[in-house]
Amino acid sequence: MTFSRLDLDGLGSPSALAARIYELAPDLTRDFDIADLCRQLDIVSITEIPTSAYEAALVMDEHKASGAILLAEGRSAERRRFSIGHELGHFLIPTHMPRAGEPMTCALADFHHTDAKAHDRHKRIEAEANRFAAALLMPPQRIRRAMTSREPDLAEIVRLAREFAVSKEAMARGYVAASRADIAVLVVQHRRLLRVYRSAEFPWIEVQVGQSVPPDSLAVDGIHLPGTLTTIEECEPEIWLGSSATASVEVMTEQVLGQAKGYALILLRVESGET
């Protein structure tokens with residue numbers, strides 16, 4: 001890599017910045033060394049520290065001449081990689097400016113913001129940093145080229161997460177964005193819904209964040225040990241969707257992947273009939 005931040009001048013959107021980096025470095029592998037890229041773009045250090053005050057932070061001067069990234073120690077390599085991508089996004093997006101003398105600190109919840117049009121400025125810029133990290137680490141076109149399964153499948157999300165060196169949840173979010181099918185991936189813990197990633201055409205899901213998954217869901221049946229993957233099973237749309245949404249759904253399927261500490265990923269897919 002021989003480019004510099006000058007080659008990114010004039011760009012402000014997360015996706016445009018990531019796309020330009022790939023234009024400048026087309027040979028980046030799926031699991032490229034993000035620390036090398038950061039050094040190329042004036043991040044002078046990446047340091048892990050013992051802290052519970054934040055998940056990651058960016059230290060820089062008011063002119064963004066250079067930056068340093070701090071990471072809470074003890075995180076997995078995949079989680080660290082996304083955190084670095086997120087902080088690099090803050091550094092490169094021109095409108096993300098720190099308060100004088102203060103680092104930009106990011107809590108764990110900030111890595112789950114997805115609404116880049118949120119009225120709350122903090123949530124909006126965190127969502128933008130997440131969009132940059134996702135576009136940099138998991139470009140949709142690269143995910144599509146790497147797909148081998150004919151049908152959406154959590155097993156493929158697990159394999160792609162390994163190939164792109166990101167967490168399963170991060171890849172689930174990227175997979176939903178890259179897939180041509182109408183799908184949603186739900187993150188649950190102890191059968192309670194935490195987060196939803198759904199494609200633009202996927203119907204509204206009746207279950208709200210914080211509520212328990214429906215009693216007829218596969219996520220309720222049996223004990224899903226870490227790494228246990230169910231088959232893809234057809235389910236009644238009424239289990240997850242409201243009555244108005246089910247009218248156009250011809251087939252709905254569900255699949256569950258058990259994870260550690262009571263977490264699970266649920267993959268839902270709908271196929272719509274003729275209207």
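The structure is a predicted model, in which local features need pLDDT of at least 70 and side-chain atom pairs count only at pLDDT 80 or more, while totals for chains, interfaces and linings use all residues. Residues are numbered from 1 along each chain as its sequence is written, and side-chain values use heavy atoms, with hydrogens and water left out.

Pockets were defined on a 1 Å grid over the protein atoms alone as open sets of points with protein on both sides within 12 Å along at least five of seven lines, and lining residues as those with an atom within 4 Å of a point. Grid points are joined across faces, edges and corners, and a volume is the space filled by probe spheres set on the points. The largest pocket holds about 1100 Å³ of space. Its lining comprises 34 residues, and Thr-114, Asp-115, Arg-173, Val-196 and Tyr-197 are the closest to the pocket centre. Two or more lining residues come from each of α1 (14-24), α4 (121-137), α7 (168-178) and β6 (192-198), with helices (H or I, at least four residues) and strands (E, at least two) taken as DSSP runs numbered from the N terminus. The largest share, six residues, belongs to α4.

The second largest pocket has a volume of about 890 Å³. Of its 24 lining residues, Arg-79, His-112, Ser-167, Glu-169 and Arg-195 lie nearest the centre. The elements that supply two or more residues to this lining are α3 (77-92), α7, β6 and β9 (263-272).

One cavity of 30 Å³ or more was counted, a cavity being a set of points where a 1.4 Å probe fits but cannot get out.

A nonpolar core is a set of buried Ala, Val, Leu, Ile, Met, Phe, Trp, Tyr and Cys residues joined through side-chain atoms within 4.5 Å, where buried means under 20% relative accessible area (1.4 Å probe, protein chains only). The largest such core contains 58 residues, of which Ile-21, Leu-88, Leu-92, Leu-136, Met-138 and Met-171 touch the most other members. The element α4 gives the most to this core, with seven residues.

Key: Buried < 20%, exposed > 50% of the residue type's maximum accessible area, 1.4 Å probe, protein only.
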